[in-house]
Amino acid sequence: MQTVLIVLLASAAVGAGFTALPLGRTQGRGLSASTAVGSRRMRCGGTHRGGVGLAAAVDDAVGLFKAKFDKPGTPFGDVPAVKLVETFSAIAALYGGDENALKMVQAVPNILTYDAPNLAPAKAGFMRAFAEPTEGGTPPKYTEQDVIDMVIRNPLLLGLRDSGFGGTENSGEDTMAASYVIAATRDQGGLLLGGLIFLLTVPVLKAAAGM
C-alpha cells in the first residue's frame with residue numbers, strides 16, 4: 001500500500017499539470033544530444049533489442065523532453081543531454097528495448113531525469129516482489145515480462161527506490177492493479193486519480209483512528 005499510494009499521488013500530480021520530481025539532477029547543460037548519443041553508442045554498441053536503434057529512439061525521446069521542458073519557467077531546463085541519453089539507454093536495457101523506453105517517455109517525459117544507476121536495483125526489487133519464489137517455495141505469480149509491462153503502464157514506478165518506505169521490493173498486488181488504473185486514466189487528468197486516492201486512503205485513515 002505504501003508503494004501504490006506514493007505512485008498514485010505522483011500520478012495525480014502529473015495529471016493535474018505538476019511535474020514529478022526526479023531522484024537526482026545534474027547541473028549544467030553539458031553535451032548536445034547528438035554528441036551524447038554518439039558517446040553512448042560507442043560505449044554500448046548503438047542498438048538495443050526490441051527497437052530501431054539507440055540514436056533514432058533517443059532523438060525522439062530527447063525531442064519529447066525538450067518540447068515539454070525546454071521553455072521559460074519550466075523545470076529541468078538545466079539537465080544535460082548526456083544524462084537524458086544515459087537514463088534512456090538504461091531504461092531500454094532493463095525494460096525490453098528502445099520502443100518500450102520510448103513509450104514510457106511519451107507517457108511521462110521527465111522520467112529521463114531519473115538517475116540511471118538507481119534503475120537496475122529498483123527493477124531487482126520488483127523482481128523479488130513479483131517474479132521470484134516466496135520463502136515457502138510458492139512459485140511466483142508473475143514473470144519478468146509482467147514486471148516490464150507493469151512499468152510500461154506506469155513509468156513513474158521507475159522513480160522508486162528498491163527498498164525502504166515505498167520501495168519496489170515491498171510492492172504487491174495493489175501496485176500491479178494500480179498500473180492498469182493509471183494507464184486507463186492517464187488522459188483523464190488528475191481529478192479521477194484524486195478520487196481513487198481518496199477511496200484508497202479512507203480505510204487507512206479509519207484503521208489509524210481505530211474505527
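From the N terminus on, the elements of the protein run α-α-α-α-α-α-α-α-α. The model is a predicted one.

**Figure 1. Overview of the protein, with 9 helices and 0 strands.** The protein has 211 residues, and 43% of them are buried. Of the contacts with a separation of 6 or more, 77% are accounted for by residues 24 or more positions apart. The accessible surface comes to about 10,300 Å². Carbon and sulfur atoms hold 59% of that surface.

Figure 2. Helix α4 covers residues 81-94. Because 11 of its 14 residues are buried, α4 is largely enclosed by the rest of the structure. The buried set is made up of A81, K83, L84, V85, T87, F88, S89, A90, I91, A92 and L94; a lysine, K83, is among them. After α4 comes G96, which has a positive phi, near 95°.

**Figure 3. F88 and the residues around it.** F88 is found in helix α4. Its relative accessibility is 0%, so F88 counts as buried, the cut-off being under 20%. Leaving out residues up to four places away in sequence, F88 touches L54, A57, V58, A61, D98, A101, L102, V105 and L112. F88 and I111 are 23 residues apart in sequence, and their C-alpha atoms are 8.5 Å apart in space.

Figure 4. Helix α3 runs over residues 54-69, and V62 lies in it. V62 has a relative accessible area of 5% and is therefore buried. Along the chain, V62 and L84 are 22 residues apart, while 6.9 Å separates their C-alpha atoms. L84 is one of the buried residues of α4.

**Figure 5. T113 in the loop between α5 and α6.** The loop that holds T113 lies between α5 (98-107) and α6 (119-130). T113 counts as buried because its relative accessibility is 0%. The side chain of T113 reaches the backbone oxygen of N110 at 2.7 Å.

**Figure 6. Helix α6 and what covers it.** The 12 residues of α6 should span 16 Å at 1.5 Å a residue, which agrees with the 16 Å between its end C-alpha atoms. Buried in α6 are L119, A122, K123, G125, F126, M127 and F130. The cover over these buried residues includes α4, α7 and α8. Residues three or four places apart in an α-helix point the same way, because there are 3.6 residues a turn.

**Figure 7. The edge-to-face pair of F130 and Y142.** The protein has 5 aromatic pairs. In the pair shown here, the ring centres of F130 and Y142 are 5.6 Å apart and the ring planes stand at 85°, so the pair is edge-to-face. F130 lies in helix α6 and Y142 in the loop between α6 and α7 (144-153), so the pair ties together parts that are 12 residues apart in sequence. Both partners are buried: F130 counts as such at 4% relative accessibility, and Y142 has a relative accessible area of 15%.

**Figure 8. An aromatic cluster and two charges over rings.** F65, F69 and F76 form one aromatic cluster. Elsewhere, K123 lies over the face of Y95, at 5.3 Å from the ring centre. K123 is also one of the buried residues of α6. R153 lies over the face of Y180, and the distance to that ring centre is 3.7 Å.

**Figure 9. Helix α8, residues 173-185.** Helix α8 has 13 residues. From first C-alpha to last, α8 reaches 19 Å, close to the 18 Å expected at 1.5 Å a residue. Its buried residues are T175, M176, A178, S179, I182 and T185. Helix α8 is also part of what covers the buried residues of α6.

Technical notes. Residues numbered from 1 in each chain as written. Predicted model: local features only at pLDDT ≥ 70, side-chain atom pairs only at ≥ 80, totals over all residues. Heavy atoms only, no water. Helix = DSSP H or I, 4+ residues; strand = E, 2+ residues; numbered from the N terminus. Buried < 20%, exposed > 50% of the residue type's maximum accessible area, 1.4 Å probe, protein only. Contact = heavy atoms within 4.5 Å. Areas by Shrake-Rupley, 256 points an atom, 1.4 Å probe, with all protein chains shown as cover. Expected span 1.5 Å × (residues − 1). Polar contact = N/O pair within 3.5 Å; in protein donor to acceptor, adjacent residues only side chain to side chain. Phe/Tyr/Trp six-rings, centres within 6.5 Å; stacked < 30°, edge-to-face > 60°. Lys NZ or Arg CZ within 6 Å of the ring centre and 35° of its normal.
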